[in-house]
Amino acid sequence: MMNKHVKLKKYNKSTIQYIIIHSSEKNTAEHLLGVPRTYNILRHLAKYPRDFFQLENPALFFNLSNSVSELNAALNILFLDENSLNQALGKNNSYINLLNLKDRPTVYFIDAESKRLKDVFSFIMNVRHKYFYFSFFNGRGVGIVPSYLAGNGFKDTFDLVRLFKRDFDGFKSMLTNGKDLEMNLDETSNDNLFFDFNPAINNQLTFQQVKSNFWKNSPPKLVALETHSERDGVLLKSMVVLDELHFKDSNALPILITAFPFYNPLLKKYLKKITQLSDQKYIEQFYSLEQDSNYNHILIDYDNSIGNNEQMIGAEILKRFLAPKMLAIDAICHLHSSFTFSPTIRFPLKGKSLYKELSFFNPSSGNFKRKKSSKQKINTILKFGRKLSENTISKEIAKYLKNREGQILAISDLPIEFLTLDGIPLGYSHDVCRIQESNYQGFLNNYSAHNKLEYFVSENTISNILVILSGDAEHQSSHEFSKTYELVISHSKTYGFKYSFCNNIKEIKMSIDRHSPEILIFDCHGEIDKDLETSYLLVGSEKVYNSDIVEHKLGAPIVFLSCCNTNRNFGYNNKIHDAFFEVGALTVTGTFLPISIYRGTACYLRIIYSLKESIEKKMFTNWLNFISQSIRTSVIHDLIIKIGNRINHDYSESEIEKIARVIDDIRDFSIRRKVFKSLLNGGIKISPNLTINIFDTESEFLMYTHYGRPDLIKMKYDTIVNRN
């Protein structure tokens, strides 16, 4: 059941409905090392139109998608398993009515390897479309298509647009309620030049779809690139031109979609358990194959063991697994960029070369925890951030990103928040959210959720916050959570949010069902199950695993986990965040590493207070902007608490005013980098007797990660502010 605070999006009638019907896939070595076969079609969808209005006036469609909330610019894609077709039809054709498929021109992409192609076409005919079109992927579907449907088939986007034009007079009145709508297609041959460099293709396609009519009579011409400087320049320029279009249109930059492909270190052990013996030779060398700064694939010989045979294996790995994987990641980037016509950038593939520095953050080893001083901890984070930056980002692109005042989505299993640009962690300098790379279904689930559902944070949200507290602390004054829970109870009376002491999963479920929260906060222990390679929440006497969250539907649109180790850094399979997504969450904030009980509770209580203030003052445009600022400024709150406790310092009025100005400076994109460097190098003098520096914190402001697409959760005010 959908949360009552989440609504179905209202689609513009001219939106094109795409449906991908795919065969069921088993877990195989190629599936896990590479990508599911469904992605063979996804990577082509960047070339397809999103809306019939876009075919009339691409530039105006772009402009309106930035300013009219009802106009959804994203590709409208529905995924159907071949075995779920009967269920999709359902009783009284409720599914068909919901999507209005009968009266909407619908485009099908059908897996030619499906064993149920006759059932697929039977399903399509039962929908009783007035207009529909189809194409195959993973083959041609020869001998299956009924002869009377042959005229509805197409082979590429240009072929499909020609079919649209053929039938346009018949269905255009359905799209606009009788209003005028034309297809202003350019009939001339295509003289657009595309640079044949995959990381830049998405941006070139997006630019052409915005600036001019991409759908001419033929594809654009490809121009080869060879040198690193050429590739780097084209990639940077492809981002810049899109940013310039946005800034000219709305005086703001869209979120940048990035990908940092990475070999999860624990995936190797998992793959060995399930793959066939014939695939073992590939797995052994798989993790030695990376990309250099020029995006060339190279086998890194760590122990002088790679010979000619291994080189041949490397070429086979590239062909079978890595090339499709990179194209799939490009497809995922484009899907997520389609919400806002955002630029994308895929950085070079990395693996073993980062394992040493990354291993310090593996909670199972305790390496980071053994760092005794705050200085050692922050330096360990910065050292990894420098290594990641040096290995993936060119100096020119790093300089551009450093000064780009826009949000960032990172598709990666790496802690991208630690990556440094000119010595400053990205999670501090920018608003960053993340989606796990190794969960392909998670990509699609999160995309589909935001494509079909909408949720706004409003003045009513605070009263719909539910905090889950561990029930074993309710009547134990000596319990380690007792003092912080007293703060929660006190603040709930002041701000009107709800809390619930729970001893087990059943009580959590009852509380969520009773309150139907917009924001669900867990304030409890988070632990690691080494055998299952996942995290779990410890609530009262019961461990709450991924499977429990899904089975009992323990979720809300926004989830905040004030618990340790909910998103481990050193790679593991079953991330607890994905379970919340499966039951309807749109974003989940969790932790990389252990956090303090007191500072963790103080952090989300400050977030609740700040939310009330931000809504009253209309300060933020989306949840990512708000939650990033709240976590970012916590660096000052944390060090003030720590200093006050350490030296028993009572802050004077003038000191409080100076500290408030430092917090305001951190909120300012143009100043916050300078503040961080001052905190890192000598500190900031507040008064003759008080200097604050970064080493007075435990670096917990860098321990949080925002999972999903919180940038798409808008703040709803009486009057609309410009989007960030």
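Tutor: Begin with aromatic rings. Rings of Phe, Tyr and Trp form a pair if their centres lie within 6.5 Å. Planes under 30 degrees apart count as stacked, over 60 as edge-to-face, and the rest as tilted. Keep in mind that this is a predicted model.

Student: Which residues do ring pairs link into a cluster with Phe52?

Tutor: The cluster holds Phe52, Tyr131, Tyr133, Phe164, Phe168 and Phe171, linked by ring pairs.

Student: How many aromatic pairs does the rule give?

Tutor: The count is 38 aromatic pairs. Take Phe52 and Phe168 as one case. Their ring centres are 6.4 Å apart and their planes meet at 40°, so this pair is tilted. Phe52 belongs to helix H3 (residues 52–56) and Phe168 to helix H8 (residues 157–176), so the pair ties together parts 116 residues apart in sequence. Both Phe52 and Phe168 are buried.

Student: Why does the pair of Phe121 and Phe136 count as tilted?

Tutor: Look at the angle. The planes of Phe121 and Phe136 stand at 55°, with ring centres 6.3 Å apart, so the pair is tilted. Phe121 sits in helix H7 (residues 117–127) and Phe136 in strand E5 (residues 132–137), 15 residues apart.

Student: Are Phe121 and Phe136 buried or exposed?

Tutor: Buried means under 20% relative accessible area. Phe121 has 4% relative accessibility, so Phe121 counts as buried. Phe136 has 15%, so Phe136 is buried too.

Student: Which residues does Asp167 touch, leaving out those up to four places away in sequence?

Tutor: Asp167 touches Tyr131 and Tyr133. Both tyrosines are in the ring cluster you asked about. Asp167 itself lies in helix H8. Its relative accessibility is 14%, so Asp167 counts as buried. Now look along the chain. Asp167 and Pro105 are 62 residues apart in sequence, and their C-alpha atoms are separated by 9.7 Å.

Student: Where is Ala252 found?

Tutor: Ala252 is in the loop between helix H10 (228–250) and strand E8 (256–259). With 11% relative accessibility, Ala252 is buried. Compare sequence with space again. Ala252 and Glu405 are 153 residues apart in sequence, with 8.4 Å from C-alpha to C-alpha.

Student: What share of contacts joins residues at least 24 apart?

Tutor: Count contacts in the protein chain between residues at least 6 apart in sequence. Of these, 79% join residues at least 24 apart. Burial can be read across the chain as well. Buried residues make up 60% of the 724 residues. The chain has 26 helices and 29 strands.

Student: What lies at the start of H23, and what follows H23?

Tutor: At the start, a side-chain oxygen of Ser596 comes to within 3.3 Å of the backbone nitrogen of Tyr598. After H23 comes Lys618, with a positive phi near 55°.

Student: How many disulfides does the structure hold?

Tutor: The structure holds zero disulfides. Cys333 is buried, with a relative accessible area of 1%. Cys603 has 4% relative accessibility and counts as buried.

Student: Which side chain does the side chain of Ser500 contact through a polar contact?

Tutor: The partner is the side chain of Ser511, at 3.2 Å. Ser500 lies in strand E19 (residues 498–502). Ser500 is buried, with a relative accessible area of 9%. Beyond four places in sequence, Ser500 touches residues including Leu466, Val467, Ile468 and Arg514.

Student: Where does pLDDT stay under 50?

Tutor: Here is the rule. Where pLDDT is low, the predicted coordinates should not be read in detail. One such stretch is residues 27–32, with 13 contacts beyond four places in sequence in the model. Another is residues 719–724, with 19 such contacts. For the protein chain, pLDDT averages 84, and 85% of the residues score at least 70.

How values were computed:
Residues numbered from 1 in each chain as written. Predicted model: local features only at pLDDT ≥ 70, side-chain atom pairs only at ≥ 80, totals over all residues. Heavy atoms only, no water. Polar contact = N/O pair within 3.5 Å; in protein donor to acceptor, adjacent residues only side chain to side chain. Helix = DSSP H or I, 4+ residues; strand = E, 2+ residues; numbered from the N terminus. pLDDT = per-residue confidence, 0-100. Contact = heavy atoms within 4.5 Å. Disulfide = S-S within 2.5 Å. Buried < 20%, exposed > 50% of the residue type's maximum accessible area, 1.4 Å probe, protein only. Phe/Tyr/Trp six-rings, centres within 6.5 Å; stacked < 30°, edge-to-face > 60°.
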